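Please consult the sequence and structure shown here.

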Amino acid sequence: MGEASAGKKNVRADLNGPRDITEMGEAFNSMMDVLGSREKQLELARDTALDSARLKGEFAANVSHELRTP
């Protein structure tokens with residue numbers, strides 16, 4: 001857990017030992033999987049937003065040019 005709180009992303013708990021410790025490790029591993037999935041979704045949303053902003057800027061520049069060109 002210390003490595004995860006320090007920012008490492010591919011950390012998983014070893015699933016051995018007493019049952020309660022194993023269950024806690026399973027919950028931790030599940031949480032890390034969900035966090036990884038959400039991070040990928042956020043990266044995709046960011047990339048999509050950046051592409052949209054770039055396209056919007058290009059469109060505005062083209063429209064502005066066409067309006068100014070006789």
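Asparagine 29 lies in helix H2, where helices are DSSP runs of H or I with at least four residues and strands are runs of E with at least two, numbered from the N terminus. Asparagine 29 is buried, at a relative accessible area of 12% (buried means under 20%, with a 1.4 Å probe and protein chains only). A polar atom of the asparagine 29 side chain lies 2.6 Å from the backbone nitrogen of alanine 13.

The model is predicted: local features need pLDDT of at least 70 and side-chain atom pairs count only at pLDDT 80 or more, whereas totals for chains, interfaces and linings use all residues. Residues are numbered from 1 along each chain as its sequence is written, and side-chain values use heavy atoms, leaving out hydrogens and water.

The protein chain comprises 2 helices and 0 strands. Its overall values are as follows.

| Property of the protein chain | Value |
|---|---|
| Radius of gyration (over C-alpha atoms) | 23 Å |
| Box of the C-alpha atoms along the principal axes | roughly 80 × 20 × 10 Å |
| Share of the 70 residues counted as buried | 9% |

A compact globule of 70 residues would have a radius of gyration near 11 Å, by the rule of 2.2 Å times the number of residues to the power 0.38.

The lining of the largest pocket includes Ala4, Arg12, Met32 and Glu39; lining residues have an atom within 4 Å of a pocket point, and a pocket is an open set of points on a 1 Å grid where a 1.4 Å probe fits, with protein on both sides within 12 Å along at least five of seven lines. Helix H2 (residues 19-68) supplies the largest share of this lining, 4 residues.

Technical notes:
Buried < 20%, exposed > 50% of the residue type's maximum accessible area, 1.4 Å probe, protein only. Polar contact = N/O pair within 3.5 Å; in protein donor to acceptor, adjacent residues only side chain to side chain.
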